[in-house]
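Visitor: I would like a close look at one part of this protein. Please take a single residue and its surroundings, then move on to a few others.

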Amino acid sequence: MRYISTRGRAPELSFEDTMLTGLARDGGLYVPAELPRMTEAEIAALAGVSYEEAAFRVMRPFLGDAFADDEFRGIIARAYAGFGHAARAPLKQLQDNHFLLELFHGPTLAFKDFAMQLIGQLFQAALARRGERVTIVGATSGDTGSAAMEAFRGLDNVNVFILFPHGRVSEVQRRQMTTVTEANAHALAISGTFDDAQARLKDMFNDFDFRDEVRLAGVNSINFARVLAQVVYYFTSAVALGAPHRAVSFCVPTGNFGDIFAGYLAKRMGLPIERLVVATNQNDILHRALASGDYETREVAPSISPSMDIQVSSNFERALFDAYGRDGAAVAQLMDELKSGGGFHISQGALQALRGDFASGRASEAETAAMIARARAEMGELLCPHSAVGVHVAQDFLGATPMVTLATAHPAKFPDAVEAATGIRPPLPPRMADLMQRPERVTRVGNDLTELETLIRKALAA
Ligand SMILES: *Cc1c(COP(=O)(O)O)cnc(C)c1O
C-alpha cells in the first residue's frame, strides 16, 4: 500500500513512513494511492466480533507489510485495554431511528483516544524496531493534546510537545495535559487561538532544518494513521444497525474534518452510508462552504464547544483532493489562495461531488445549550456540547434510514456548559476524580516560530 500527497509533489511513502512523517514535504496530506474495498460478505462478517477484531479486519489492508498480523493484533489489544467500556464504542438509542455512538470511554474521555492510543502503540513498535527517536509536536483545541499526552507519556523513543491556546481550553482539558508527570511530555500554552497554534505547527514542519534536526513527527489529524483508526467505529456501529443489508447515516460534530473524513473513507470502502452530515458550531466555515462554494475564513468566535472552534479545517484538503479528481496541482493552488487571501472558491464540479457525499448544518450557541437541556429532559441523556451540536443538526435529517450521531466527548469534560444548560454538574468518572487536585506543569510561549523552536531544542538537550 502506497501513500500519495494531496498536493502531488512529495515522495510516495509506505504506511509506516506516512505515519512517522505526518505532513508531506510539499505541505500536503498523505492519502492511500488506492482505497481497499470490503465486500458485502466481509462487512456482514463483522457482526458479533469484538471491537478489536473488527479493528484488525478493517485496518489491516492499509498497513501493507509494516507489521506482522500477530504484532498488529497485540498493538490493537494494548491500545484499547484502558477503555472503560467492554464494547469500546457502544450505541445507545436516543429517539426513533436516532442513535448515539458513545466515543468517550477512553482514558481522556473524548473520541481522540481511539486514534491516539493506537498510534502511541504503533509508534512505539515501529521506532523500537528501527532504533530511532522522534519528537512529536501537536497543536490542540483541547482534546487532541490530552489524548496525545496520555498516549505517549513514558514511551521510550518519543518526546511529546503539545501546543494549546492559552485560556481557550476547558479546565479539565488543560489539567489532563498539565498534570502528566513523565519527563518526556511537555504542555505549552501558546498566545492566540487554535488556528495560530496549528499554523505555527505547520511552520515547524516546513522548516526542514528544524524538522530533520529533531526528527519531527505529527500526530494531528493530518496524520493518516489517526484518520484510519476512526474508520473502524463507522463499520462496527453500522453493522450493529443492519449494514450491509441496510444503509445508515451519520451526523458528525466537526472541526478539523478528521472524524467525518473517516466516515467518508468507510463509505468509499463499501460501507452503505446514505448521508454524512457535517455538524458545525457557530464557527461554520464548512457549512458555509458546502452551501455556497466559497471557503472563506473568518475570526474564530470562542464557543461552548471549543474543540470545534476552528476556521482552517485541515482534513478538508483530503476531501477536496478527491472532489477535484485527485488533481494535486489544483489542490495546491487552492491552498496557496487560502494562505495568501484567506479563502478560495470551489469549482462547480468539485462542489457537486462534495454535496454528493456530505450534507451539513450548524448549531448556534443558544441552539446547542437548548439541545443539551432538551436531551436531558426528553431523552434522559447528558450530552457534552459537541455531541449536542451533532444531535441538534441531526434533527433535520431523521427519517427512514437510521441516523447515528457521534458523541465525541464525555459531558464531564465540559461541566460548566452542561451545568449552565441543565443545572446538573456531571462528575468525572472515579478513575480521574482527583484531577482537580493534581499539581500542574506548563510552559507559556508566544505565538512565534523561533521562540518555539528554541524552547523545544532546549528541552530536548536537557
Ligand atoms: C476534536 C473534536 C471534535 C472535532 O473533530 P474533528 O475530527 O477535528 O472534526 C469534535 N468534538 C470533540 C469533543 C473533539 O475533541
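Guide: His-186 touches Met-149, Asn-159, Val-160, Phe-161, Ile-162 and Ala-459, leaving out residues up to four places away in sequence. Here contact means heavy atoms within 4.5 Å. This is a predicted model, where local features need pLDDT of at least 70 and side-chain atom pairs count only at pLDDT 80 or more, while totals for chains, interfaces and linings use all residues. Residues are numbered from 1 along each chain as its sequence is written, and side-chain values use heavy atoms, with hydrogens and water left out.

His-186 sits in strand E7, residues 185-190. Strands (E, at least two residues) and helices (H or I, at least four) are DSSP runs, numbered from the N terminus. His-186 has a relative accessible area of 17%, so it counts as buried. Buried means under 20%, exposed over 50%, and partly exposed in between, with a 1.4 Å probe and protein chains only. A polar atom of the His-186 side chain lies 3.4 Å from the backbone oxygen of Ala-183.

Now for Phe-15. This residue belongs to helix H1, residues 15-21. Phe-15 is buried, at 3% relative accessible area. Two helices come next. Helix H5 (residues 112-130) packs against helix H10 (residues 224-240) at an angle of about 125°, with their axes 8 Å apart. That angle makes H5 oblique to H10. Angles under 35 degrees count as roughly parallel, over 145 as roughly antiparallel, 65 to 115 as roughly perpendicular, and the rest as oblique. Axes are lines fitted to C-alpha atoms, for helices over the stretch in contact, and angles run from 0 to 180 degrees between N-to-C directions. On the H5 side, the contact is made by Lys-112, Phe-114, Ala-115, Met-116, Leu-118 and Ile-119. On the H10 side are Ala-225, Arg-226, Ala-229, Gln-230 and Tyr-233.

Leu-334 lies in helix H14, residues 328-341. Its relative accessibility is 6%, so Leu-334 counts as buried. Leu-334 touches Leu-320, Tyr-324, Phe-344 and His-345, not counting residues up to four places away in sequence. Leu-334 and Phe-344 are 10 residues apart in sequence and 6.0 Å apart in space, C-alpha to C-alpha.

Technical notes:
A polar contact is a pair of N or O atoms within 3.5 Å; within protein, one must be able to donate a hydrogen and the other to accept it, and residues adjacent in sequence count only if both atoms are side-chain atoms.
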